[in-house]
4 protein chains.
Amino acid sequence: MPKTDSNLAPDRDEFDRALRRAYSLHRDNDGGKVADYIPELGKAAADDFGLALATVGGKLYTIGEAEVEFTIQSISKAFMFCLAIEIAGHDFVAKRVGIEPSGDPFNAIVFDDQNRPFNPMVNAGAIAIAGIIYKKLGSDSFDFIMERFSWAAGRQLSLNEKVFKSEEQTGHRNRAIAHLLLAAGSMAVKPERALDLYFRQCSISVTAADLARMGATMANMGKNPVTRKSAFDLSAVRSTLAVMFTCGMYDYAGAWAYDVGVPAKSGVGGGIFGVVNRQLGVASYAPRLDAHGNSVRGVAAFETLADEFGLHAFDCTNIGSSYVSSLIR
Amino acid sequence: MPKTDSNLAPDRDEFDRALRRAYSLHRDNDGGKVADYIPELGKAAADDFGLALATVGGKLYTIGEAEVEFTIQSISKAFMFCLAIEIAGHDFVAKRVGIEPSGDPFNAIVFDDQNRPFNPMVNAGAIAIAGIIYKKLGSDSFDFIMERFSWAAGRQLSLNEKVFKSEEQTGHRNRAIAHLLLAAGSMAVKPERALDLYFRQCSISVTAADLARMGATMANMGKNPVTRKSAFDLSAVRSTLAVMFTCGMYDYAGAWAYDVGVPAKSGVGGGIFGVVNRQLGVASYAPRLDAHGNSVRGVAAFETLADEFGLHAFDCTNIGSSYVSSLIR
Amino acid sequence: MPKTDSNLAPDRDEFDRALRRAYSLHRDNDGGKVADYIPELGKAAADDFGLALATVGGKLYTIGEAEVEFTIQSISKAFMFCLAIEIAGHDFVAKRVGIEPSGDPFNAIVFDDQNRPFNPMVNAGAIAIAGIIYKKLGSDSFDFIMERFSWAAGRQLSLNEKVFKSEEQTGHRNRAIAHLLLAAGSMAVKPERALDLYFRQCSISVTAADLARMGATMANMGKNPVTRKSAFDLSAVRSTLAVMFTCGMYDYAGAWAYDVGVPAKSGVGGGIFGVVNRQLGVASYAPRLDAHGNSVRGVAAFETLADEFGLHAFDCTNIGSSYVSSLIR
Amino acid sequence: MPKTDSNLAPDRDEFDRALRRAYSLHRDNDGGKVADYIPELGKAAADDFGLALATVGGKLYTIGEAEVEFTIQSISKAFMFCLAIEIAGHDFVAKRVGIEPSGDPFNAIVFDDQNRPFNPMVNAGAIAIAGIIYKKLGSDSFDFIMERFSWAAGRQLSLNEKVFKSEEQTGHRNRAIAHLLLAAGSMAVKPERALDLYFRQCSISVTAADLARMGATMANMGKNPVTRKSAFDLSAVRSTLAVMFTCGMYDYAGAWAYDVGVPAKSGVGGGIFGVVNRQLGVASYAPRLDAHGNSVRGVAAFETLADEFGLHAFDCTNIGSSYVSSLIR
């Protein structure tokens, strides 16, 4: 049964009905496979399914396991890119990381013709971004990003130490990527520094509700709708949403842009979060992944919700999500 | 000096000022090179520069060489995809052509893991789309697309026979692609049929004003704003805009999504057209191309106009292009 | 039971025993699959197995289905390369076709950094070679190669018309390759001319005995050991053997060089022929192919024979195949 | 002027004349560029040019800077592969490293379809080989290989510490490769162990005379012709020569097999060594490299010497290098 934050209007409305519908439509879909490349991830309850929707007006709607914690994984890449632009500036970032979709899987090791990772959403780009932040903030880096992530979520987040240790021990391919970046001149610091930060950022625990609120913070021009704390820089948000739209869903990005049409980012922990600009943050949690590495139920639920509300960026009949807008205010 | 359609309000307004500004900012940029892979293209006046902006309210604003004819080239791919979905349906099309950005140049011959061209905006995908339309309409195909293109533009368009002959004689790589499609089972008809249609579609003459009106027709849910004729199917328009956004500007698509954020498509004839959903069609003509195959002045002018009006799909402060909207109605 | 040409000494010798051994060791290996990309190939008797060995002294040893006809297919590429060098010269050929192994499958469409096919043993290279021969000999080309192939085999060979028609009708990928070669400037004539010759050369009927004699002709400095007719140019033979050694067995070439160490070429018709310089031609016929496109029993039989006689080019203990040499004279 | 080891017959013979000819033909060729990716390599005297020829009968012929020391670099890969087969066995090695030429440059990071490096002559394969040896011999590994290299050369070789330190500090790409191997399951030990051994093996100082003697040791079934010490295993030598023939000269391997036809290996230090089985070791030293990473004068000198003596493995008129053989005994 859906619930809302206690301090918000409790009446069942359109959003509740939509979440219920998406939830019941897809809860029996048991396609896909829980990620198990690190043992800790394999322990997730495969059948968990949670959905959450947060408005720029500060309301939260959830259903199912929306308060179960899981690791944020690659979803962190979107927030890190946003923070890197704020801290280091567009030009500094652009010299080291591209913004083109590549058609390659997330862990590909190909670089573009300027010898940069294709974009900040593939591992190579994300590790370079971690290097950029470490270059600017040094050993304060992790505290900084944890604070910003927490501001965005509206509560203090924490690190899953077990997952972090696992990532660190098994991340051979990521370690290789970091050395390739060094060889290519795209690694601003010692590879181990960037990798440590990268493994940590991926190991932050969140819930679907957190991700929805983080999305709403982005949708709200970087300000948490409830606390009014500014977690992200306004100008960096637009850039981040653009890259999420073209590169956020691994090599399924084009299909996502086609079917869902909402800037989003997924992680192998089973989460997906999306941003409807100036309106909503939307998030799902369901650990079983498809061949692209995206949550099976999550993708399906986003399709249902996007259809329901006309969220698609290029939907003809709901321009500026005017319908959604009317629900919020 | 900018001008407007004679039957429309002639007062100089915001749009005129913006066009003038973009025009004067970039008219002296003589970077890039006119395409010359076929002799006819090489004859374009390298210094031509025209901009046009058409509203869903039926107004047209232009500046510079906005009435000079050039061949539509790859811009036709966007309209053809839209028509193929209308005629053959999403599923028929999806079996033969993917929708993922590939990171490869427009003339790449790599296929995706389902042995399909990556998307309808690369040559391989566009030739497969031409094959789909020919499969459905046979020898009427070209008349049909010419009629629809003309409805969209609001005037009768014509074929540039010289360019068509040139394309046909020098299109060895495209001919190779057509045979690869046949080998891959993605070519619905004899390769020569699809190629003939493809070479013809690329050789249709348009002006920047035409392209702006064709964009406005798309923005207007497929209906020409002046004639009210329905050139495109409503549901196909959304799909087309999504693919234009992720794949429309060759291997510069990510940067375009980042900097401009408007679904668009460019052609080696020097044209670019963009669509601001439910608001505007925007177009530029300037024959000198950058290394990606995009018009140098065109890209620059779109950046200026997008900034000016907050056209970026993920702009935070102009949600649903509300400012533009206020100018139109 | 092995047999020898009637006009040669009929005594069972070392070669007979070795053939018998290789035959009985591998006749029960029914791994692999008959090629069926064209229906005619699929009709081959899957269980046929023939071996043949011809000496530069003019003797022939055979066992099993060594007189069954099958189409020469890619084995023709080796002879065509040899003839192209004779007719057009090294430089003319080198400008259009490389000589580097590529690690890619036989039907790959990648070209090298000089925009040439990687080598004459992949389809792209072979089609370019056919184009070179056609450029020089025009409509006499097929008669010319048929005569030379026949001289090498010591009997008049013939074309399998059904296979030729099949190849022609289904060769979409090869047709694509020919157009790519044209686009790359590596195609000396109209694509259809080269393709017609290529499809014909692949459709010549041979037996294992023929291939062994053709190999012996190469081993005998280009002269048929029995008829003394010169089928191949001496200097072209060395070049051909070198390319066969590095590129003759598709993407299994390295393993072949490692395990067998004899210049060889295989075809999807089920044949393999090898050349032990100045000593022997060796051939096998067995239609079931492995994943690389090489005859399963053929590869195994060559390994056995190479071991038996120390045929490996870099064998330490049989320098210059001295043991084999002693058997021949 | 050429010279011979003092304890050998001093008469000027065919070999001396051939070396003089090759030397004078190419000494003025100043094409190419000294490798400078590590500063130490850049210090080489660009104009040095030495040639050496050692027979399995124990004679040495040299001309020019044949006693100048330089680092062995990638030439070590051939010897390491030979030793790995001896120590770990064919199967253990084959599971981790392929034997197919790849068409890629030496430092490519692509793996084959079994997730192994393509062959032991590219960096990835060589690092895996170093890992295999370390797996078997642990911290004795370097002493062991130094002993065997020294036995082959017939004198105690030493490590160039400066080059070793440089390699270690700048080998980011090789470090990346080692981590990729670990991720792929092809790295038998901790990456740092394999890398340390790999950087050391590349930093061993040799002269052209050393390399010629090492080649003669291989040609002599693994036994140093003068000391009679067995440096290499007989059965491993054949395998090594086969892989040198198909993969030894980077992405120039096919052209080398075509023009020179002698199993060989080159290094960015400027050396090349070749083996004429059961006859000769041949070596050159000249630091300027071509685009493939091979010594410009070295390649040219080998072509001249191979022509002169009919050394090509598939030469028709000098079967088993019979002419060379007559000069030796």
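This is a predicted model: local features need pLDDT of at least 70, side-chain atom pairs count only at pLDDT 80 or more; totals for chains, interfaces and linings use all residues.
Good morning. I begin with helix α5 of chain C, which is mostly covered, as 12 of its 15 residues are buried. A residue is called buried here if 20 or more other C-beta atoms lie within 10 Å of its own, exposed if 12 or fewer do, and partly exposed in between, with C-beta atoms placed from the backbone. Helices are DSSP runs of H or I of at least four residues, strands are runs of E of at least two, and both are numbered from the N terminus.

Residues are numbered from 1 along each chain as its sequence is written, while chains are lettered from A and ligands numbered from 1 in the order in which they are written.

To return to α5(C), this helix covers residues 123–137 and reaches 21 Å from its first C-alpha to its last, close to the 21 Å expected at 1.5 Å a residue. The expected span is 1.5 Å times one less than the number of residues in the helix. Among the buried residues of α5(C) are Asn123(C), Gly125(C), Ile129(C), Gly131(C) and Tyr134(C). What covers them? The cover of the buried residues of α5(C) includes α3 (75–88), α4 (90–96), α6 (141–153), α8 (172–184) and α9 (191–202) of chain C. Just after the helix, Gly138(C) has a positive phi of about 55 degrees.

The next helix is α8 of chain D, residues 172–184. Its 13 residues reach 18 Å from first C-alpha to last, close to the 18 Å expected. The buried residues of α8(D) include Asn174(D), Arg175(D), His179(D) and Leu182(D). Against which elements do the buried residues of α8(D) pack? They pack against α5 (123–137) and α9 (191–202) of chain D, together with α8 (172–184) of chain A. After α8(D) comes Gly185(D), with a positive phi near 80 degrees.

Phe106(D) is placed in the loop between α4 (90–96) and α5 of that chain. Is Phe106(D) buried or exposed? Phe106(D) has 22 C-beta neighbours inside 10 Å and therefore counts as buried. Leaving aside residues up to four places away in sequence, Phe106(D) touches Ser74(D), Val122(D), Asn123(D), Tyr250(D) and Gly293(D). Contact between two residues means that their C-beta atoms, placed from the backbone, lie within 7 Å. By comparison, the C-alpha atoms of Phe106(D) and Ala231(D), 125 residues apart along the chain, are separated by 27 Å.

Now to chain A as a whole. Chain A has 14 helices and 11 strands. Its radius of gyration is 18 Å, close to the 20 Å that the globule rule gives for 329 residues, so chain A is as compact as a globular protein of that length. That radius is taken over C-alpha atoms, and the rule is 2.2 Å times the number of residues to the power 0.38. The C-alpha trace of chain A spans about 55 × 40 × 35 Å along its principal axes, and 62% of the 329 residues count as buried. Of the contacts in chain A with a separation of 6 or more, 70% are between residues 24 or more positions apart.

Next, the pairing of chains A and B. In this pair, 36 residues of chain B are in contact with 36 residues of chain A. On the chain B side, α10(B) gives the largest share, 10 residues. By class, that side has 20 nonpolar, 11 polar and five charged residues. Here Ala, Val, Leu, Ile, Met, Phe, Trp, Tyr, Cys and Pro are nonpolar, Asp, Glu, Lys and Arg are charged, and the others, Gly among them, are polar.

Finally, confidence. pLDDT is the predictor's confidence in each residue, from 0 to 100. Chain A has a mean pLDDT of 91, with 92% of its residues at 70 or more, but pLDDT stays under 50 over residues 1–11. The model scores ipTM 0.89 and pTM 0.89. Thank you.
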